[in-house]
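Hi everyone, thanks for making time. I'd like to walk you through one structure, starting with a quick word on terms and then moving from the whole chain to a couple of residues.

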Amino acid sequence: PKQENKDVTESESKNVSSSSEGSNEDAIKYVLPENDLKLQKHLNQKPYKTVNSLLSPLKRKLYLENIKKNGFFINNEIIKLQDGSKYKLTLKKEEIEALEPSIYLRSFRIKSSVKKTNIVLRALKNLPLKKAITQLHFMHKKISRELVEMLEKGLEDAKLMNYNPNDIYISESWVCTDGRWQRRVECKGRGRTGIITHRYVNVRFLLKTNQTLKRLEFENNKREINKKIDCNLTKEKIRGPAAGFYKW
């Protein structure tokens, strides 16, 4: 840590408070409002691929072969390797969602409220990434400017991770209060005053690819086929799809 303090540039040393000039080791480096790029690099770190980090070499090979065969991962399917050996890979739902290609975006402190931000986020649900960016350009909401910068950062991350930007869509989005709201006195007429609150929020996006859409479509179709149908007379469960005639 002592060597890092010696290599501090002059521009960074200006951000250090005057009270801590004597002790360089305990100095606090403040980020000025003009340096939003530094803050974005801290919040949105370099993306990484989870397939190489969460799976063993054999499971990784079976997982990639499964996707190559079907276009998405299917549980309990027998995969035959080049050496003639056969394996069956079973993963939990949480593991499948974690291994699928995804991009996570996190915003800095935005001056807005949860109610106003939710209106914009609901309009972007399940939209393709490029279409969502175009939609935000035509919105008159103030927060749409910050959301456009976030989604454009997602396009840059997609290029770094070798994803096709045309196949990415907005899977999930969250908004939460910052918790450090500012309050000040609001002057009114006839000598009266009130309190005005300046609200701040944080926004997060989870971007997925068409691989997730294909898997969800496959699971929904499989669920409808295996869905049990109620008989109106006997109130019993009928396995499989209904036949062409009525069952008494």
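When I say that two residues touch, I mean that they have heavy atoms within 4.5 Å of each other. Please also keep in mind that this is a predicted model.

With that in hand, let's look at S171. This residue sits in strand β5, which covers residues 169-177. What does S171 touch, once we set aside residues up to four places away in sequence? The list is K125, N126, L206, L207 and K208. And is S171 buried or exposed? Its relative accessibility is 12%, and because buried means under 20%, S171 counts as buried.

Now let's step back to the whole chain. There are 248 residues, and 31% of them count as buried. The secondary structure consists of ten helices and ten strands. If we take the contacts with a separation of 6 or more, 60% of them are between residues 24 or more positions apart. As for the surface, the chain exposes about 18,300 Å², with carbon and sulfur atoms supplying 51% of that area.

On to the charges. Which residues form the negative surface patch? They are E94, E95, E97 and E172. Helix α6, residues 93-99, gives the largest share of this patch, with three residues. E97 is found in that helix. Its relative accessibility is 35%, so E97 counts as partly exposed.

That's my tour, and I'm happy to go back to any part of it.

Technical notes
Residues are numbered from 1 along each chain as its sequence is written. This is a predicted model: local features need pLDDT of at least 70, side-chain atom pairs count only at pLDDT 80 or more; totals for chains, interfaces and linings use all residues. Side-chain values use heavy atoms; hydrogens and water are left out. Helices (H or I, at least four residues) and strands (E, at least two) are DSSP runs, numbered from the N terminus. Buried means under 20% relative accessible area, exposed over 50%, partly exposed in between (1.4 Å probe, protein chains only). Accessible areas come from the Shrake-Rupley method with a 1.4 Å probe; for residues, only the protein chains shown count as cover. Patches are made of residues with over 30% relative accessible area and no salt bridge: like charges are joined within 9 Å, nonpolar side chains (Val, Leu, Ile, Met, Phe, Trp, Tyr) within 5 Å. A salt bridge is a side-chain nitrogen of Lys or Arg within 4 Å of a carboxyl oxygen of Asp or Glu. Lys and Arg count as positive and Asp and Glu as negative; His and the chain ends are not counted. The place of a charge is taken as NZ of Lys, CZ of Arg, CG of Asp or CD of Glu.
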